[in-house]
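Here are my notes on this one, jotted down as I went through it. Have a look at the structure first, then read on.

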Amino acid sequence: MRAVLQRVSQASVTVDGQVIGEIGKGVMVLFGMLGTDDDKTIEYMLDKVVNLRIFEDENGKMNLSLLDIDGELLIVPNFTLYGDARKGRRPGYSGGAAPDVASVLFDKLCAKAKSMPIKKVATGQFQADMKVALINDGPVTLLLDSEKLF
């Protein structure tokens with residue numbers, strides 16, 4: 001599983017002109033899935049996302065987590081995170097999970113996040129043409145890759 005995590009002051013996802021998910025201060029994460037991802041991967045990645053100390057404390061140090069600030073989480077599926085652009089000019093996407101597998105993993109990821117003590121969890125829509133808007137706070141942007149984290 002790969003994730004692009006961004007600290008935001010607000011973020012939203014729109015599908016067919018309708019806002020389907022939005023958050024205030026917190027974290028927006030794009031997630032890409034591998035066919036080998038499982039419940040352990042989901043738990044590990046979500047634990048990283050909610051516990052990374054990327055929010056400033058009273059001294060201006062990035063010392064607080066999403067949970068510490070009672071922040072919100074927006075989860076957006078993004079198969080292009082496994083795009084391979086090493087050859088040619090058109091990325092290949094065969095490295096990521098097949099849509100039927102990725103869909104199940106995304107649903108599990110969202111359900112697990114919603115069971116955590118997070119103030120608000122919003123999501124994008126799997127296999128939809130989404131418009132994602134955000135105000136990146138900092139900017140703070142991190143790349144997480146479960147293959148490199150375990």
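1. What pattern does the protein follow, read along the sequence? It goes β-β-β-α-β-β-β-α-β-β-α, which comes from three helices and eight strands. Keep in mind that this is a predicted model.

2. On overall dimensions, the radius of gyration is 15 Å, which agrees with the value near 15 Å that a compact globule of 150 residues would have. The C-alpha trace spans about 45 × 40 × 30 Å along the principal axes.

3. Now the inside. Buried residues make up 43% of the 150 in the protein. The largest nonpolar core has 29 residues, and the ones touching the most other members are Val27, Phe31, Met33, Val49, Leu73, Ile75 and Leu109. Two or more residues each come from strands S1 (2-15), S3 (26-32), S6 (72-77) and S8 (130-145), and from helices H1 (39-51) and H2 (99-114). H2 gives the most, with six residues.

4. There's also a second, separate core of 13 residues, with Ala11, Val13, Val76 and Leu81 among them.

5. Beyond its neighbours within four places in sequence, Met33 is in contact with Met1, Tyr82, Gly96, Ala97, Ala102, Leu105, Phe106 and Leu109. As for the protein as a whole, 73% of the contacts with a separation of 6 or more are between residues 24 or more positions apart.

How values were computed
Residues numbered from 1 in each chain as written. Predicted model: local features only at pLDDT ≥ 70, side-chain atom pairs only at ≥ 80, totals over all residues. Heavy atoms only, no water. Core = buried A, V, L, I, M, F, W, Y, C linked by side-chain atoms within 4.5 Å. Buried < 20%, exposed > 50% of the residue type's maximum accessible area, 1.4 Å probe, protein only. Helix = DSSP H or I, 4+ residues; strand = E, 2+ residues; numbered from the N terminus. Contact = heavy atoms within 4.5 Å. Rg over C-alpha atoms; globule rule 2.2 N^0.38 Å.
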